[in-house]
Amino acid sequence: MDEPPLLEVKGLNKIYDNGFHAVKDVSFSIKPGLLVGLIGPNGCGKSTMMKCINRLHTMSSGEVLIDGENVMESSHSAIARKVANVPAELKVSFGLSVFDTVMTGRYPYVTSLWWESSEDEKIVMDAMERFGIEHFANRQLHMLSSGERQRVLIAKAYVQEPRLMLVDEPTSHLDMKYKLEVMEYLQYMVKKDMTILVAEHDISLMARYCDLCIIMKHGELVTIGDPKKVITPKLIEEVYEVNASVGFDEDGELYVLPKRYRAKH
Amino acid sequence: MYVDMELWGMVAVIVLLTTFLVIRIRKAEKKEGQLRSITSRKRRLVAVIIVGSLSLLVVFLASIANGAGMYDTSISETFSYIFSAIAKGGTGLTMDERIVYHHLLPKALGAMAVGIGLATAGVLFQAVIRNPLVDPYITGVSSGAGFAAIWGMIFGSWFGFMSGSVFMIPIMAIIGGLAAFGATMLIAEKSGGTAVNYVLGGVIVGFALGAMQTLLLSFAPPDGLQRPLFWLFGSFSRVTWDNVAIIILPVLIMAAVSLTWARKLNLVLLGEDQARQMGMNVRKFNITVLIAASMLTAICVAFVGIIGFVGLVVPHICRMILGGDHRFVLPASFVIGGILMLFADFLARAFGPVLPVGAITALIGAPLFAYLLIKKGRMYDG
């Protein structure tokens, strides 16, 4: 039990230039090898917090430690070898192929000026096979479906060989099958000793796959814990202002059924 | 205009060589499967470089050989004139050597350099701004250069600066172009400094200077309009041995430098956040590239005027043929930019009166671009 935390966030605050206080005094720590769900309504500070973790945003105060190292004291390329990020969607492709795109994930490691090494190539090939995209390696990104494109983005983050992967709403525009597929891929990577922080709106899906969930509201941390214990009708009402049933099916899986929106009067 | 058998022979050799290389590459790739992607990329790039530089050389010689429309020599004669003139050090030349060496060679070199320069600037701008509609004039360089050059032609230089020198107009144009880019950069940085801010800043500066250009033209004496208008459409007639080095050297240096950015350019295509999270200093890179590409554009524009379309269309043609990897797009753009410009210059001179090159590049480029867009335009969706 003395395993040091992989990610430690201490008193994190982010205040934007316009005065908006997006993340308020958030602290938590996560052990390695967990799939962690980040849940909360739109605008609750999930994305902002993730951007503070890999220093895309400068935090206003507080500390983020990855493997005990303070990100504010690390170089951007050192962070890039530890933290990867999967965007919700990639719009313009400008003719980059799947192979080209996955290969960009090796950027933090490549030292030569022009071509990547055969070792980089092997890593990329393995990842493409793992995520089932090797048969369209030479196809251009715009020719793929959104589910396929999401797999390319995950493969790109995977070849970055991070300790921590930040995934922002990976399934928001996918159908049921692809949602499950993406989550299975994330779960597979966690087994490889990677920790994944995934922001997502589908609470049932999070409860099904995540080892831990972090609930946020208005920039504050509401609670952190085992999703099957933490997620209750009361919590959902508190966080989302929505009446919902929370039940368990015969396999013991949790599901959330939103019923009615309760506006504050 | 006269096209000899030698030229057709060379074109046939290039076509055969290309076919041979394509078949060999296909065969090798089929045998290896997809497991050796980088090897096959290297092979493809070598093929692109071989075919590309041969084609560029042939078009270059053909453009000189077909001279000024009234003076024709074969390609091998041209080749020998160039060599003998260089061997003599440019003095004591025969009539033929003199025309080729003093008149045609610097113009062809200038055209090639401007083609390479504008195409390179186009690739850089499109990648950094991530917008397929962007051309090298997006940051207001052409309007600034145009305004300054036309001012010079109508009113003479500012405070008698370099007055009477052959470099007066080009230097004024470079200063005007860079000043316009400076204004764009100021507006863009004050408004957030993103790529889109640069586009909008460039549009504002371009409009303002364009309007001032129009006002200047209306002050021009009636017989003084032809020169400014000709300048605005672009022409290589002012390129000589005295100034061609000032075009070629910066272009070659910038082109070489841009090659070192190839992998970073791929990365910025994925978006600013994606590039940053992979450890790249995107802000610094973008500004460096924008400044470099604007200077490149200013130098091209200063000596030959505003030649449109090359910088817009060449990067697209390369991307549509070879894919989006900048390790292919950049070298291919050098070649196709050079070829398109030489060919346009040749056409501009081929029919008696010298026509504006800028109009010819657009006439050649538009149908080619339309065809490729219909075939492969989907890569810019969304």
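## Paired strands in chain A

Two strands count as paired if DSSP finds at least two bridges between them. In this predicted model, strand 3 (residues 35–39) of chain A and strand 8 (residues 195–199) of chain A run parallel and are joined by 4 bridges.

## The four-stranded sheet

Chain A also has an open sheet of 4 strands in the order 2-1-4-5, with antiparallel pairing. Strand 2 (21–30) and strand 5 (69–70) of chain A each have a single partner strand, so one side of each is left without a neighbour in the sheet.

Inside that order, strand 1 (residues 7–15) and strand 4 (residues 61–66) of chain A pair in the antiparallel sense over 5 bridges. Asn13(A) has Ser61(A), in strand 4 of chain A, as its bridge partner. Helix 1 (residues 46–53) of chain A lies across strand 1, strand 2 and strand 4 of chain A, and runs at about 60° to strand 2.

## The largest nonpolar core

The largest nonpolar core holds 191 residues, of which Val36(A), Val102(A), Ala155(A), Met165(A) and Ile196(A) touch the most other members. Helix 4 (residues 95–129) of chain B gives the most to this core, with 20 residues. In chain A, domain 1 (1–82 + 163–227) and domain 2 (88–161) both give residues to the core, so the core lies between them.

Leaving aside neighbours within four places in sequence, the contacts of Ala155(A) are Val102(A), Ala127(A), Met128(A), Phe131(A) and Ile133(A).

## Chain B as a whole

Chain B has 15 helices and 0 strands. Its C-alpha trace spans about 70 × 60 × 35 Å along the principal axes. A compact globule of 382 residues would have a radius of gyration near 21 Å, and the 22 Å of chain B agrees with this.

Of the 382 residues of chain B, 47% count as buried. Among the contacts in chain B with a separation of 6 or more, 76% are between residues 24 or more positions apart.

Key: Residues numbered from 1 in each chain as written. Chains lettered and ligands numbered in written order. Predicted model: local features only at pLDDT ≥ 70, side-chain atom pairs only at ≥ 80, totals over all residues. Helix = DSSP H or I, 4+ residues; strand = E, 2+ residues; numbered from the N terminus. Rg over C-alpha atoms; globule rule 2.2 N^0.38 Å. Buried ≥ 20, exposed ≤ 12 C-beta atoms within 10 Å, placed from the backbone. Contact = placed C-beta atoms within 7 Å. Core = buried A, V, L, I, M, F, W, Y, C linked by C-beta atoms within 7 Å. Domains from an automatic or database assignment. Axes fitted to C-alpha atoms, helices over the stretch in contact; angles between N-to-C directions.
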